[in-house]
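Good morning, colleagues. I would like to take you through one model and the contacts that can be read from its coordinates. Please have the sequence and the structure in view as I speak.

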Amino acid sequence: MNEMLSPVAETFPIQSPGRDLASIKRLIANKLVFSIGKDPQAARPEDWFQATALAVRDHLVERWMKTTRAQYAQPLGTNPQVSPLADLCRSKKPAYWRSGA
């Protein structure tokens, strides 16, 4: 497995929610019950909206984590999304650190 991952990540694997309609409905219902604390039969439209927003956030965070892990796996300077100047700034210490001040 990736050496950047902590032992906790290997011990507690994260299960990604499915992207089919049934999985999305189940994810929203679970958010309604377990995150908001509402029974689906008693939930108001605002509660359903909040549950849907939390489910969408979960999907976005999942994609964000995959992107972040992919960036960590690349050596410095190989990310085409970052300008060469940004790489240079990250790889060099500021002048006052080099001078020993």
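Let me begin with a term: a residue is called buried when its relative accessible area is under 20%, exposed when it is over 50%, and partly exposed in between, using a 1.4 Å probe and protein chains only. This is a predicted model, in which local features need pLDDT of at least 70 and side-chain atom pairs count only at pLDDT 80 or more, while totals for chains, interfaces and linings use all residues. Residues are numbered from 1 along each chain as its sequence is written, and side-chain values use heavy atoms, with hydrogens and water left out.

First, the overall picture. The protein chain holds five helices and zero strands, where helices (H or I, at least four residues) and strands (E, at least two) are DSSP runs numbered from the N terminus. Of its 101 residues, 15% count as buried. The chain exposes about 8,400 Å², and carbon and sulfur atoms supply 61% of that area; accessible areas come from the Shrake-Rupley method with a 1.4 Å probe, and for residues only the protein chains shown count as cover. Contact, in what follows, means heavy atoms within 4.5 Å. Among contacts between residues at least 6 apart in sequence, 38% join residues at least 24 apart.

I turn to two helices, α2 and α3. Helix α2 covers residues 21–36, and its 16 residues should span 22 Å at 1.5 Å a residue; the end C-alpha atoms are 21 Å apart, which agrees. The expected span here is 1.5 Å times one less than the number of residues. Helix α3 has 29 residues and reaches 42 Å from its first C-alpha to its last, close to the 42 Å expected.

Which residues of α2 are buried? They are S23, L27, I28, K31 and L32. An α-helix has 3.6 residues a turn, so residues three or four places apart point the same way. What covers the buried residues of α2 includes α3, residues 45–73. In α3, the buried residues are D47, A51, L54, A55, H59, E62 and T68, and they pack against α2.

The largest nonpolar core is made up of six residues: L27, I28, L32, A43, A51 and A55. Such a core is a set of buried Ala, Val, Leu, Ile, Met, Phe, Trp, Tyr and Cys residues joined through side-chain atoms within 4.5 Å. Helices α2 and α3 are the elements that give two or more residues to this core, and the largest share, three residues, comes from α2. Setting aside residues up to four places away in sequence, A55 touches L27, I28 and K31.

Beyond its neighbours within four places in sequence, I36 is in contact with K31, D47, Q50, A51 and L54. The C-alpha atoms of I36 and L54, 18 residues apart along the chain, are separated by 9.6 Å. Just after α2, G37 takes a positive phi of about 80°.

Now the charged pairs. A salt bridge is a side-chain nitrogen of Lys or Arg within 4 Å of a carboxyl oxygen of Asp or Glu. The whole structure contains seven salt bridges. One of them joins D58 and K31, with the closest N and O atoms 2.8 Å apart. D58 lies in α3 and K31 in α2, so this pair ties together parts that are 27 residues apart in sequence. K31 is buried at 15% relative accessible area, whereas D58 is partly exposed at 21%.

A second pair is K38 with D47, at 3.5 Å from N to O. K38 is partly exposed at 29%, while D47 counts as buried at 4%. These two residues also belong to a salt-bridge network with R44 and E46. Within α3, E62 and K66 meet in a salt bridge at 3.8 Å; they sit four residues apart, about one turn of the helix.

Finally, the surface. V61, W64 and M65 form a nonpolar patch with about 280 Å² of accessible area together. Patches are made of residues with over 30% relative accessible area and no salt bridge, with like charges joined within 9 Å and nonpolar side chains (Val, Leu, Ile, Met, Phe, Trp, Tyr) within 5 Å. W64 is placed in α3 and is exposed, at 52%.
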